[in-house]
Structures are given as C-alpha cells and as structure tokens.
Amino acid sequence: MTNLMSSDSTVTPPGTKAGPRHTTEAGRAKREIKVFSGFAHIALAIWGLTVVAPLIWVVFASFKSNTEIFTHAPFSLPSQISFESYKTAWTEAHVGRYFLNSVFVVTLSTAGTMLFGSMAAYVLARYKFFGNRFIYYMFVSGLAFPVFLALVPLFLILQNLGLLNTFTGLILVYIAYSLPFTVFFMTAFFKTLPNHIAEAAIVDGASHTRLFFQVMLPMAKSGLVSITIFNIVGQWNQYLLPVAIMQGQGAEQKWVLTQGIANISVSAGYQANWAALFAALTLSILPMIIVYAFFQRQIQSGLTAGATK
Amino acid sequence: MKHGRYPFIIGFLIVPVAIYATFVVAAYLQAFQLSFTNWRGFSPDVEYIGFDNFVKLFHDNTFWQAIRHNLFLLLFLPLFAIVIALFFSFLLNMGGGTRGGRTHGVRGSGFYKVVFFFPQLLALALVAVIFARVYSPDLSGLINGLLHQVGAGPVLFLADENLAMWSILAVLVWQAVGFYVVLFSAGMGSIPTEIYEAAALDGATRGTLFFKVTLPLLWNTLQVAWVYLGIAAFDAFALVNIMSVDRGGPDGATTVIGLEIVRNAFDYAQFGYASAMGVVLFFLTITFAALTLRVTRRESIEL
C-alpha cells in the first residue's frame, strides 16, 4: 500500500494544471480515449461472437435437413422452417424423457442437499459439542478428493445396497457429493448471523428445531439462494456420476439429459441424423438461456460464490 | 436452552452424516484399500498384491500419456484462460473514458459480461457435443464450413494427433473465460478508486495502472483462479470421452487420467488397477494445490 503511493514528489494537484496547454492536452486525451474505447469494443465484440456463434449455429442447423447441413454454408438460413427434427429428437431420441429425468433427479437432490446441508451446517456453526470439529473437517475434507478416486467403490457400494441404476441411488449420491461445499459455505454463513435474535426466540420459548426453521433459515436466505443455484447448476450438469451409476439393464430409460445427449451424439453418426442432434441440443440449451435471462444476476453470484469465499 | 440440546444436535446431524459417510467417506477409504488388490469384481475373496498396481502403472505407457495430457492442460488452461480473462476484464473496467482522474468501464460492460458468462452454465458434456460438431472434418462442421467458403481447409481438428489436444484445450478456454471475467471484474470493482486517482495524478498510463495497481491488488483472486482452473484441468473427462476420436484417440493422443480410470473400471473391470490410478490422481491434485499456494504466496496487500 505504501510503496504504491510513494512517488509523492511528482504529485501535481489538479488545479495547477490550468493554462493554455490544458485544452489541447485534454482534447488529445479525449481522442486517445475514444480510439482506445473503440478498440476495446471491437475486441469485446469478437469474444462475444466467439461465444454466441456456435450456439446460434446449432439453432440454425436444427431447422435444416441433413443434406442442407452438409452442403450449405454454416450460417445460411434454412430453406424452410421444419420442426421435423424436433419431433424426432423429442420422441425417437427420447430427449423429452431425459429432460424430465434430469428435472426429477435434480429437484429432489437439490432439495435434499439444501435441507441436510443447512441442517448439518447450522448445528456445526452454532452449537458446541464433542466431535463438532471432527465432523466439520470430515465434511470439508471431501473438497480435496477427486470424484474419480471414489468411482469404483461407489459403484460397489451402490451395487451392494441394490441402488445401482436407480434414481434413489443417483439422488443420494448427488446429495452426498454436494454436501462438502454446501456445509462449508453454509457453516461460514450461519456463523455471521447475529446472536440476539436467536436468544430472543429461545426466551420466547421456541424449540431448537423451530428456531432453525422459522428464524434462522429465513435470515440465511441470501446464502441459501446462492448455494441452491450453485447446486442446481452443478447437479444438472453432472455427467461423470450418472455415467458410473446409471448403467446396466434398461439404464437408457433412466438416463439424465447430459448422458442422453452424449449418447445421441454418438449414435447420430451411424444414423446420419444430425438435424435431430442439433434439435436435441437446442432443446437442452434453450431452457438455460431462458432461466439465465431472468436470473442472470443471481446465477452469476451463485456460481462465483465459491471463488469469492 | 439446555433442554433437548443433544437430541436436537443428533437429530440434525444423523441423516447428513449417514449419507456422507456411506457414499463419500467409505468410498474414498475403500479406494485406497482396493488400489492394493487385483480385484476384478467377480471373486468374493480379495487378493492383496502390495504395490504391484503402482509398479504396473509406472510401466503403463497409456497412463503416462494421460498424465502428460493432464499436465498439458494444467499448464495451458490456467495460462490462457487467465490472460484472456484479465485482458477482457481490463477492457471492461478501464476501457472507457477518464473523469476526474478516474477510469471508467466501457459502455455496455454489463451486457458483455452477461454474454461471456453464459457458457459456464452449460454442462461440459453438452459443450463437448456442440464442439464435436463445430470441429467436424467435413463441410457440416462450423469451422470447416466457413473455411471452405474462403477456399481453405479442411482442418482435421480432432483426427490430427498434433492438433487434437489443442482443440480440446480451446473448448475448455472457451467455456472458462466468461466466469473469470466476472470474477476479475468483481475484484477490480472492489479496488478503491482513490488509488487509481492518486496514480493517475502521478501521470500513470492505463498500462501502468494495470500492471502496478490492478494486478498486485488482484493477486488473491488470481491465485484462486489458478487453483480452480488447475483442478478443472484434471477433469477433462467429459470432453475427451465425448469429443475425441475413439475415446482418447487418435492413438491415445488426447486421453486423460479420468478417462483411463473410467475405462479400466467399467470397460475392463480392472477395479484394483483403476483405484490405483485414482490414488495417483489424488496425490497429483493435492501436490498441485499445495505447490500453487506455496509458490504464489506473497505479501498480500491489505486495503
């Protein structure tokens, strides 16, 4: 801090700059800024295009026929708007089913993660008892382990419990692997909540459980929202765990969206039905764009919550 | 207050701890145990073979290839993503005019951030499917289709051994940049404007401001970014599994540790061997995180 500002010998107070030279200098500075700002916009727009172009291209291609995809320029407009590929994608390629599977699994697993995660975090943050630190570090140490390490044993554990290739198994595993970060973040959050409100509630005769659900949880709303978004996005996008867990007889019926789309991508090559793949992709990207359009502020802060902590 | 305290604590902890212990703690402990066995999932009795798996790994060329590719990503993913993100967040936050010695962001910086950030929301698996098409070697690919229009190409992004890994890296960078632009912008926004004003009065140019003021004050955020990206570099599984030719090809040119673990576990039922790979991956990750924190540690500047 000090060495940043140590060159005090050259400081010129703004007022002393006045004089005949001032105006021309200011004019040049202004021009320089305009040029710089112009370059900035060009550079930023190029990256913006790099981000958006593949997505727009996917949407365009989803309306084209297979022949058009192979013979026409990438951004040429489709010769006719055909929803045929969407029908194929939704029914024959089962995007509809994969989508609903994902909704079902993520709804329950995120709800479970938030409920159990904040219960554990609350107790660990605000109650002193034997083993508190041990349990806390047990949860948090999970952040240091790569999921790949657990893959084989996880498969065996689920097999032994009869939960392999079941939604119950997948949901429980999602919850379990989301707990380290949820507990870590929410413990820190519950610690920041003021004591006097909790004490007042206790004086009024509230039980510990009521205190948690009716007083503390509402106060922790902003933290809960961030971590809920973080978990929804993380679990919705999960690919490795479903690949490891949803395999075996009749597993295709229970695949989640990421798995399903990846599989369509592989089989599209054999069936030469690229348009359906592009339609499937559009169907999976579109909801994200809509949700993002409404909640982009919350989503940005939710996803960066981990890094700014 | 005392009444019902322990039943309450136990009641609140029992379910989360049980779920966590069953699926996470037990799994990690078993992984270390399995890595010393040659178990293949059929026989009920497990045979311990000491460090044989690790010795075998040491002589496994494919595994070394996978490690090299992870190290490649570990070096270049953070490097490219951070430099590009820093460049754009600099433009966003200091690309505008100067008023009262204070540099402003460019107009529409909020809009740029919203667009840049979006890929972060997409599953890596989905991004992999999109870019498998973008890179397609024939005219149906986005890039080769465009190249064809200007009379160039085709470029075999994923089928060329020398290009495949770079193509995969580019996808990871494409997805990551927006997240770090938002992160760095938030960091830059929290730097008090007085510091900039003072430096600007000293005659500091935009470049000097960036290197002498912004960068040092952003150091902690950069460190976090490096660790995050490094950890992401150890997991390119979805991309390689979905995009690459022959899952990790051509000829092993894109395989990564994660893919080798999944392949050995679920294709070859080499449970013991796959677990040993997991143990190696664990130590690599831990070493990386510890090294980064150690090497980059310096006097943080308190404001």
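# Two chains: questions and answers

Visitor: Where does A:His94 lie in chain A?
Guide: This is a predicted model. A:His94 is not a glycine, yet its phi is positive, about 65°. As for its place, A:His94 sits in the loop between helix 3 (84–92) and helix 4 of chain A.

Visitor: Is A:His94 buried, partly exposed or exposed?
Guide: A residue is buried at 20 or more other C-beta atoms within 10 Å, and exposed at 12 or fewer. A:His94 has 19 C-beta neighbours inside 10 Å, so A:His94 counts as partly exposed.

Visitor: How many helices and strands are there in chain A?
Guide: The elements of chain A, taken from the N terminus on, run α-α-α-α-α-α-α-α-α-α-α-α-α. Buried residues account for 40% of its 309 residues. The count for chain A is 13 helices and 0 strands.

Visitor: At what angle do helix 4 and helix 7 of chain A pack?
Guide: Two packed helices are described by the angle between their axes and the distance between the axes. For helix 4 (residues 95–126) and helix 7 (residues 167–191) of chain A, the axes are 6 Å apart and the angle is about 35°.

Visitor: What is the handedness of that crossing, and which residue classes make up the contact?
Guide: Helix 4 of chain A and helix 7 of chain A cross in a right-handed sense. By class, their contact has 18 nonpolar, 8 polar and 2 charged residues.

Visitor: Which helix of chain A gives the most to the side that touches chain B?
Guide: In the contact between the chains, 84 residues of chain A meet 88 residues of chain B. The side of chain A that touches chain B divides into 62 nonpolar, 22 polar and no charged residues. The most, 15 residues, comes from helix 1 (residues 20–62) of chain A.

Visitor: Why is chain B described as more spread out than a compact globule?
Guide: Chain B has 13 helices and 2 strands. For its 303 residues the globule rule gives 19 Å, and the radius of gyration is well over that, so chain B is more spread out than a compact globule; the radius is 24 Å.

Visitor: What does the C-alpha trace of chain B span along its principal axes?
Guide: In chain B, 46% of the 303 residues count as buried. Of the contacts in chain B with a separation of 6 or more, 67% are between residues 24 or more positions apart. The C-alpha trace of chain B spans about 80 × 75 × 35 Å.

Visitor: Within what arc do the buried residues of helix 4 of chain B fall?
Guide: Helix 4 (residues 109–117) of chain B has as its buried residues B:Ser109, B:Tyr112, B:Lys113, B:Phe116 and B:Phe117. Seen down the helix axis, these residues line one face of helix 4 of chain B, because they fall within an arc of 120°.

Visitor: How far apart in space are B:Ala159 and B:Ala253?
Guide: B:Ala159 is in the loop between helix 6 (142–149) and helix 7 (161–189) of chain B. Leaving out residues up to four places away in sequence, B:Ala159 touches B:Pro137, B:Val245 and B:Pro250. B:Ala159 and B:Ala253 are 94 residues apart in sequence, and their C-alpha to C-alpha distance is 9.4 Å.

Visitor: What is phi of B:Ala269?
Guide: B:Ala269 is found in the loop between helix 12 (257–267) and helix 13 (271–295) of chain B. B:Ala269 has 14 C-beta neighbours inside 10 Å and counts as partly exposed. Its phi is positive, in a residue other than glycine, and near 55°.

Note on methods:
Residues are numbered from 1 along each chain as its sequence is written. Chains are lettered from A and ligands numbered from 1 in the order in which they are written. This is a predicted model: local features need pLDDT of at least 70, side-chain atom pairs count only at pLDDT 80 or more; totals for chains, interfaces and linings use all residues. Axes are lines fitted to C-alpha atoms, for helices over the stretch in contact, and angles run from 0 to 180 degrees between N-to-C directions. Helices (H or I, at least four residues) and strands (E, at least two) are DSSP runs, numbered from the N terminus. A crossing is left-handed if the near helix is turned anticlockwise from the far one by less than a right angle, and right-handed if clockwise. Ala, Val, Leu, Ile, Met, Phe, Trp, Tyr, Cys and Pro count as nonpolar, Asp, Glu, Lys and Arg as charged, and the others, Gly among them, as polar. Two residues are in contact if their C-beta atoms, placed from the backbone, lie within 7 Å. The radius of gyration is taken over C-alpha atoms; the globule rule is 2.2 Å times the number of residues to the power 0.38. The arc is that of the directions from the helix axis to the C-beta atoms.
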